[in-house]
Amino acid sequence: MSERHIHMAGHVTERHITRAGQGGDRDVFEYALLRVVPRVERGECVNAGVVVYCRARGYLGARTHLDEARLLALDPAADVAGVRAALAAIERTCAGGEQAGQAAGDDAGRRYRWLVAPRSAVVQPGPVHTGLTADPAAETERLLNLLVR
């Protein structure tokens, strides 16, 4: 399916809309970066992970990597152990099951929406982005390497 859009300058562009099953062997996925904001009032952050959700494949996963030196450069008094615990809790919530705590009974989509909801805390999700993937688990690792490490 294709839509035509006419921009203010008169240029015509095409936007292709892909539905599940129409992207070849690829499916739509959503992701958000996990940011550590040690001093919320300053707004400075360190990327520390990524959460990926692919409804078509029933996948919800998170991968984290905390660069302690970068975090401590922003705030020498940062609670590194607390940040690590928060990041680990996000990974457990994504994995589901008993380790997800109160979210254990929720489906993957509900857990994802809860994880990416805006919040004013030390560990925050960034904006949600989308893409196409044939392998959401590999995409999670690729995004971690590209955007976090």
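## Helix α4

Helix α4 covers residues 136-147 of this predicted model. Its 12 residues should span 16 Å at 1.5 Å a residue, and its end C-alpha atoms are 16 Å apart, which agrees. The expected span is 1.5 Å times one less than the number of residues. Helices here are DSSP runs of H or I with at least four residues, and strands are runs of E with at least two, numbered from the N terminus.

Which residues of α4 are buried? They are Pro136, Glu139, Thr140, Leu143 and Leu144. Buried means under 20% relative accessible area, with a 1.4 Å probe and protein chains only. Seen down the helix axis, these residues fall within an arc of 140°, so they line one face of α4. The arc uses directions from the axis to the C-beta atoms. The buried residues pack against β3, β4, β5 and β6, where contact means heavy atoms within 4.5 Å.

## The sheet

Four strands form an open antiparallel sheet in the order β5-β4-β3-β6. Strands pair if DSSP finds at least two bridges between them. β5 and β6 stand at the edges with a single partner strand each, so one side of each has no neighbour in the sheet.

Seven bridges join β3 to β4. Glu30 has Tyr53 in β4 as its bridge partner.

## The whole protein

The protein has four helices and six strands. Of its 149 residues, 36% count as buried.

## How to read the values

Residues are numbered from 1 along each chain as its sequence is written. Local features need pLDDT of at least 70, side-chain atom pairs count only at pLDDT 80 or more, totals for chains, interfaces and linings use all residues, and side-chain values use heavy atoms, without hydrogens and water.

Conventions
Buried means under 20% relative accessible area, exposed over 50%, partly exposed in between (1.4 Å probe, protein chains only).
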